[in-house]
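Here's a protein to look over together.

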Amino acid sequence: MPYQYKRIFLVVMDSVGIGEAKDAERFGDKGSNTLGHIAERMNGLHMPNMAKLGLSNIESIGGIEKADSPLAYYTKMQEASNGKDTMTGHWEIMGLNIKTPFKVFPDGFPDELLAELEEKTGRKIIGNKPASGTEILDELGEEHMKTGALIVYTSADSVLQIAAHEDIVPIEEQYKICKIARELTLDEKYMVGRIIARPFVGEPGNFKRTANRHDYALKPFDRTVMNELKDSKFDVIAIGKISDIYDGEGVTESLRTVSNMDGMDKLVQTLDMDFTGLSFLNLVDFDALYGHRRDPIGYGKALEEYDARLPEVFEKLKDDDLLIITADHGNDPVHPGTDHTREYVPLLVYSPIMKGGKKLPIRETFADIGATVAENFQVKLPKYGKSFLNELN
C-alpha cells in the first residue's frame, strides 16, 4: 500500500476552542476560552474518552484528567487566515489561507441590497437583523403569513438567511429567491459566504423548520486537498454541512445530518464502509444551538454526549485508519455578545496502531491537517500547511 493510512476520519467539533489565540485581542476576544469557561460553569466536564486521547494534556480543563499516557498525538492550532467564521476555518483546514475575510452584518444588510432583492423577487422583506432562527419565526412568522414578505436575517457567520412558510412561498420559489440573492451578493462589497433557504411550516406559536433547508455557498477560491483527492479517485465522504461549506467541491458522497448525535451515527456508518480516502464530519450543534445562544450548560452537556459516543468509534477503527479531532474556531458561551471567538483549537490524532501519543509542536495554521491528508494519499500538497505525518509513529 503506497499510503500510511487507508482511511482518515476527520471530525470538526464546530466552535470548540481551547483558549484565546495570540491575536485574540485584535478580534475583540481577549480572555475567551470556550472549553475552559464551559468546564467552570459545569463545575467540571465529564469527558473520559477525550481525556484518554489527551485533551487536558493540551490545556488543563476542569474535570478532564490529564492522561499519564495519552493515546493520541496532541497539540493546538492557531488560525492563520483573517477571520473566525465556519467557512474560513474549514477552508483553511483543507489548505487555503483567507486574507480577505468574509463580511458579517451585525447591523443587518445594506438597504440597497435589500431593495434590489425586493425588486427582483417581487416580495417585501422584514427582519434584517442578527437573530436565532427559531426566535425570529416566533417574532415575524405571523406577519410573514399575512403579507407574504420574506423574513431575512443573519448570524455571527457570513450568512444571509431567508425564512418562508412552505404554504405561503412554495419551496421552488424559495430556492429561486435564494439563487437571486446569491447572484446579488457575489460582489466584493458584500462578500457573503452563504445564502441559506430556511423553509418552515406550522401555525403562529407552533412553527417548525423543515428538512428542506438549502445552502448556496461561495465556491472555494482555489483548489483544496479535497479536490486533489477526488481527482485522484479517492473517496471524500462529507458528513453534515461539510458539502455546503465547500459548495460540493471535492466531495464524492454527501451524508446529511440533523443533529450531533445523527452526525455520530453517520460517522459510525462510514466506519463500517469499505473506502479509501477521507470521511469528513462537522458537528454543528455545539456552535448553532449552544455557542451562539450563550448556553454554557447546554454546550457542556452536548460535549459530554459526544464524548460518550467515542467508544463506538474506537471499537471500529482499524490499524490502517487515522482519526483526527479538531475545531474550526471558538464560540465561548460566556463571552459578551453572540459572536464566534478567535481561539486556538485542539488537535488530537489517533490510530490503533500507535504505541502511544506524544505532544506535537503548536501548529501555525489549520492547513497542517490538509497537508497531512495530502501527504498520506500522495496527492498534490496545498500551498499552505506543513504535514505532521512523519511525526506520527
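Q: What does His340 touch, leaving aside its neighbours within four places in sequence?
A: His340 is in contact (heavy atoms within 4.5 Å) with Asp29, Lys84, Asp85, Thr86, Ala156, Asp157, Asp287, His292, His329, Gly330 and Asn331. Before going on: this is a predicted model, where local features need pLDDT of at least 70, side-chain atom pairs count only at pLDDT 80 or more, and totals for chains, interfaces and linings use all residues. Residues are numbered from 1 along each chain as its sequence is written, and side-chain values use heavy atoms, with hydrogens and water left out.

Q: Why is His340 called buried?
A: Buried means under 20% relative accessible area, exposed over 50%, and partly exposed in between (1.4 Å probe, protein chains only). His340 has 1%, so it counts as buried.

Q: What makes the link between His340 and Asp287 a polar contact?
A: The term asks for a pair of N or O atoms within 3.5 Å; within protein, one must be able to donate a hydrogen and the other to accept it, and residues adjacent in sequence count only if both atoms are side-chain atoms. The side chains of His340 and Asp287 are joined at 3.3 Å.

Q: Why are the buried residues of α5 said to line one face of the helix?
A: Helices (H or I, at least four residues) and strands (E, at least two) are DSSP runs, numbered from the N terminus. In α5 (residues 111-121), Leu113, Leu114, Leu117 and Thr121 are buried. Seen down the axis, they fall within an arc of 95° (taken from the directions from the helix axis to the C-beta atoms), so they line one face. On the other side of α5, Asp111, Glu112 and Glu119 are exposed.

Q: What covers the buried residues of α5?
A: The cover includes β3 (125-130), β4 (150-154), β5 (159-165) and α7 (171-184).
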